[in-house]
Amino acid sequence: LSQLDQEVASRRAAAEIYRHELAGTRLRMWDDPSWGTHVYFKMPLGLPPEHAADLNWVVDAIHAENVSCRHTHPPLSSVSWLVEYAAERGRPASPEEQPNAYQSLPLIFEVETGPNMTDDDVRASARAVKKVISTL
């Protein structure tokens, strides 16, 4: 915990480098919501909707560029134990209650923001993402 503030600041700085390097691409990048501050454990990036079918290829191609990349988490209402947990507490979760998740998450992948990534590491990662995305 003693390094938490420094770690969050480092990851937020990495996110800004990704934003700068990927500006002008068709990737979607999100700003912090009005109610909080994103810590950027990973940098979420969204494909244009017409490239939803390319998500697996994009993740694999970015990995081939030696950049850590993964699919984002599935919608909460698709995880059976979470649905059960929520229902037991009177908070049922269903796809109908999470339409944005079901529309957005199939387009989102995440790239690494740390720990211990230098600014040059982040720039190299962002440029690899840009290289892959430019082939779509």
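**View 1. Leucine 47 in the loop between strand 1 and helix 2 of the predicted model.** Helix 2 spans residues 55-64. Leucine 47 has 3% relative accessibility, so this residue counts as buried. Beyond its neighbours within four places in sequence, leucine 47 is in contact with Leu27, Asp54, Leu55, Val58, Leu107, Phe109, Ile133 and Leu136. Valine 132 is 85 residues from leucine 47 in sequence. In space, the C-alpha atoms of leucine 47 and valine 132 are 12 Å apart.

**View 2. Lysine 42 and glutamate 112 in a salt bridge.** The N to O distance is 2.6 Å. This pair links distant parts of the chain, 70 residues apart: lysine 42 lies in strand 1, glutamate 112 in strand 3. Lysine 42 is buried because its relative accessible area, 12%, is under 20%. Glutamate 112 counts as buried too, at 16% relative accessibility. The two side chains are also joined by a polar contact of 2.6 Å. Not counting residues up to four places away in sequence, lysine 42 touches Ser68, Arg70, Glu110, Val111, Glu112 and Thr113.

**View 3. A network of salt bridges around Lys42 and Glu112.** Glu7 and Arg11 are linked with Lys42 and Glu112 in this network. The count for the model comes to 11 salt bridges.

**View 4. Arginine 26 and glutamate 50, a salt bridge between two loops.** The closest N and O atoms are 1.7 Å apart. Arginine 26 sits in the loop between helix 1 (4-22) and strand 1. Glutamate 50 sits in the loop between strand 1 and helix 2. The partners are 24 residues apart, and the pair links distant parts of the chain. Both arginine 26 and glutamate 50 are exposed.

**View 5. Arginine 123 and aspartate 120 in helix 5.** Their side chains meet in a salt bridge of 3.1 Å, N to O. The two residues are three apart in helix 5 (residues 119-133), so about one helical turn separates them. Arginine 123 counts as partly exposed, at 26% relative accessibility. Aspartate 120 is exposed, with a relative accessible area of 56%.

**View 6. The largest pocket and its lining.** About 470 Å³ of space lies in this pocket. Its lining holds 17 residues. His38, Pro44, Thr72, Leu105 and Ile108 lie nearest the centre. Strand 1 (42-46) and strand 3 (108-112) are the elements that give two or more residues to the lining. By type, the lining residues divide into seven nonpolar, four polar and six charged.

Terms used. Residues numbered from 1 in each chain as written. Predicted model: local features only at pLDDT ≥ 70, side-chain atom pairs only at ≥ 80, totals over all residues. Heavy atoms only, no water. 1 Å grid on protein atoms, 1.4 Å probe; cavity = no way out; pocket = protein on both sides within 12 Å on 5 of 7 lines; lining within 4 Å. Points joined across faces, edges and corners; volume = space filled by probe spheres on them. Helix = DSSP H or I, 4+ residues; strand = E, 2+ residues; numbered from the N terminus. Nonpolar A, V, L, I, M, F, W, Y, C, P; charged D, E, K, R; others polar. Buried < 20%, exposed > 50% of the residue type's maximum accessible area, 1.4 Å probe, protein only. Polar contact = N/O pair within 3.5 Å; in protein donor to acceptor, adjacent residues only side chain to side chain. Contact = heavy atoms within 4.5 Å. Salt bridge = Lys/Arg side-chain N within 4 Å of Asp/Glu carboxyl O.
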